[in-house]
Amino acid sequence: YFLLATIMASCVSPAYAESPISHIKGMNAIGFRAGTGLGQTFDVGVMYQYHFTKRWSFLANVDFEKGKFQNADFWGIKVYPGVTCSVWHPVSWFYLHLLGDINLGYDSWKNKDIGKTTSGFALGLDLGVNFEFYAIPQLSFVLQAQQGWDWGFYKTGGYNYFHPLFSLGIKYNIK
């Protein structure tokens, strides 16, 4: 309902229609996001974005993730530096972006059944898509889906895994 209300407000916002602030070179944005992946997981984080052209931008997220997968509990802290590309802009208040980033993190896993715990650094790649809706020039909402692949360098050995993330975020846009 929150996203639907934002979209409707964007459609009727005369302030946005007259403003040249969105997606311009030199624009910065800060915000936060929350989401989930597979299993019983949640993810919260902060984001920063810098537009170096009208279409391309640098994006950096720092997230905390916690979850439960079958018999294992998990938590991790991840940093995602990457780029986004605006590929579709049908109306003044809506953008479709493709994104790609490097995933750097620290993970900790605990299996209660066998009583083992392991932790270590993770390195990976993420690809995704997001829909950005502007309520006003300074405020936008981002609905995102991404798929990541990580290689974990753990004390018990290496581990290869995929992790989806579906999130909703809010950004404050600064010209």
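Glu 132 is buried, with a relative accessible area of 1%; buried means under 20% relative accessible area, exposed over 50%, and partly exposed in between (1.4 Å probe, protein chains only). This residue lies in strand β6. The model is predicted, so local features need pLDDT of at least 70 and side-chain atom pairs count only at pLDDT 80 or more, whereas totals for chains, interfaces and linings use all residues. Residues are numbered from 1 along each chain as its sequence is written, and side-chain values use heavy atoms, with hydrogens and water left out.

The chain has 2 helices and 8 strands. Helices (H or I, at least four residues) and strands (E, at least two) are DSSP runs, numbered from the N terminus. From that terminus on, the elements run α-α-β-β-β-β-β-β-β-β. The 8 strands close into a barrel in the order β1-β2-β3-β4-β5-β6-β7-β8, with antiparallel pairing; two strands pair if DSSP finds at least two bridges between them. Neighbouring strands of this sheet are turned by 20° against each other on average, direction ignored. The axes are lines fitted to C-alpha atoms, for helices over the stretch in contact, and angles run from 0 to 180 degrees between N-to-C directions. Strands β7 and β8 (residues 157-174) pair in the antiparallel sense over 16 bridges, and Ser 140 has Lys 171 as its bridge partner in β8.

Of the 175 residues of the chain, 45% count as buried. Among contacts with a separation of 6 or more, 55% are between residues 24 or more positions apart, where contact means heavy atoms within 4.5 Å.

| Side chain | Partner side chain | Polar contact |
|---|---|---|
| Asp 150 | Lys 78 | 2.7 Å |
| Glu 132 | Lys 171 | 2.9 Å |
| Glu 132 | Tyr 134 | 3.4 Å |

Asp 150 lies in strand β7 (residues 139-154) and, at 0% relative accessibility, counts as buried. Leaving aside neighbours within four places in sequence, Asp 150 is in contact with residues including Lys 78, Asn 103, Tyr 159, Tyr 161 and His 163. The C-alpha atoms of Asp 150 and Phe 121, 29 residues apart along the chain, are separated by 9.8 Å.

The structure holds 14 aromatic pairs. Rings of Phe, Tyr and Trp (its six-membered ring) pair if their centres lie within 6.5 Å; planes under 30 degrees apart count as stacked, over 60 as edge-to-face and the rest as tilted. The rings of Phe 94 and Phe 131 are stacked, because their centres are 6.1 Å apart and their planes are at 15°. This pair links distant parts of the chain, with Phe 94 in strand β5 (residues 94-111) and Phe 131 in strand β6 (residues 116-136), 37 residues apart. Phe 94 is buried at 9% relative accessibility, whereas Phe 131 is partly exposed at 32%. Tyr 159 and Tyr 161 also form a stacked pair, with ring centres 5.7 Å apart and planes at 25°. Tyr 159 is partly exposed, with a relative accessible area of 44%, and Tyr 161 is buried, at 10%.

Phe 42, Phe 64, Trp 75, Tyr 106 and Phe 121 form one aromatic cluster.

Notes:
A polar contact is a pair of N or O atoms within 3.5 Å; within protein, one must be able to donate a hydrogen and the other to accept it, and residues adjacent in sequence count only if both atoms are side-chain atoms.
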